[in-house]
Amino acid sequence: RDLPNVEVISFSVNGISDLEPLNQCQNLSELYLRKNNIGSLNELFYLKNLPRLRVLWLSENPCCGSDPHRYRMTVLRNLPSLQKLDNQAVTEEELSQALVDGEEITAPPVRRSVENGCPESTEPSAAESTTETERELLSFSLEETNKIREQLGMKPVPRDKFSSFSPRETDCSRKKRNNVLNAILLLTKELDAEGLEIVQQTVGRRLQAFRKKELQEE
């Protein structure tokens with residue numbers, strides 16, 4: 001909601017079930033949501049008015065169901081401007097067929113509120129988090145974190161130390177942290193050597209402050 005000008009979002013493996021905040025991102029052109037908890041294709045309602053959206057990766061979500069043809073046709077009927085869906089190019093023939101085989105989405109999904117201010121879908125598949133998904137989230141987060149640290153000239157985080165942050169932490173704070181990590185990784189790819197040096201210096205100062213605080217607490 002607070003990033004209306006963002007153009008590319010990579011939120012794969014983040015336990016996301018609600019796409020409503022994205023409807024304010026009018027400049028969004030690429031959206032990666034593979035392996036989340038999106039339980040209903042009605043979530044596409046929030047993407048229908050994004051004029052620049054050209055790439056969507058939504059596979060391996062509960063909303064894809066057991067019929068891949070119906071799923072793809074429904075997505076393309078509601079998002080006909082897509083050029084690529086799930087890493088596969090969209091053809092003119094598919095767009096025409098989608099008008100016949102796809103389902104038109106005219107309303108957002110129905111939700112119920114839960115504690116801590118995190119909206120939750122009424123569909124069980126969107127609310128449940130399996131142990132396998134948690135392990136995958138941990139692995140994904142560790143990989144992304146170490147990519148960032150490598151680009152900043154820092155040592156990778158060992159798995160045994162990283163596991164203390166997760167995987168059982170399944171609340172909003174975990175999602176927020178992982179989203180921030182993904183955003184940082186994406187932005188560092190746009191920086192030149194001078195920009196990366198500035199980031200490295202800033203991170204170094206912040207790490208020193210954290211270490212100083214830890215020493216004081218000890």
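Two residues are in contact when heavy atoms of each lie within 4.5 Å. The views below show a predicted model.

**View 1. The largest nonpolar core.** This core contains 32 residues. L47 and L56 have the most contacts inside the core. Helices α1 and α2 each supply at least two of the core residues. The most comes from α1, which gives four residues. In soluble globular proteins, nonpolar side chains tend to be buried together.

View 2. Helix α2 covers residues 92–101, and its buried residues are E94, L95 and A98. Seen down the helix axis, these buried residues fall within an arc of 100°, so they line one face of α2. They pack against helix α1 (68–78) and strand β5 (88–89). The face turned away from the buried side carries the exposed residues E92, E93, L99 and V100.

**View 3. The aromatic pair F45 and Y46.** The structure holds one aromatic pair. F45 and Y46 form this pair, with ring centres 5.8 Å apart and 80° between the planes. The arrangement is edge-to-face, because the angle between the planes is over 60 degrees. F45 has a relative accessibility of 29% and so counts as partly exposed. Y46 is buried, because its relative accessible area of 11% is under the 20% cut-off.

Definitions and conventions. Residues are numbered from 1 along each chain as its sequence is written. This is a predicted model: local features need pLDDT of at least 70, side-chain atom pairs count only at pLDDT 80 or more; totals for chains, interfaces and linings use all residues. Side-chain values use heavy atoms; hydrogens and water are left out. Buried means under 20% relative accessible area, exposed over 50%, partly exposed in between (1.4 Å probe, protein chains only). The arc is that of the directions from the helix axis to the C-beta atoms. A nonpolar core is a set of buried Ala, Val, Leu, Ile, Met, Phe, Trp, Tyr and Cys residues joined through side-chain atoms within 4.5 Å. Rings of Phe, Tyr and Trp (its six-membered ring) pair if their centres lie within 6.5 Å; planes under 30 degrees apart count as stacked, over 60 as edge-to-face and the rest as tilted.
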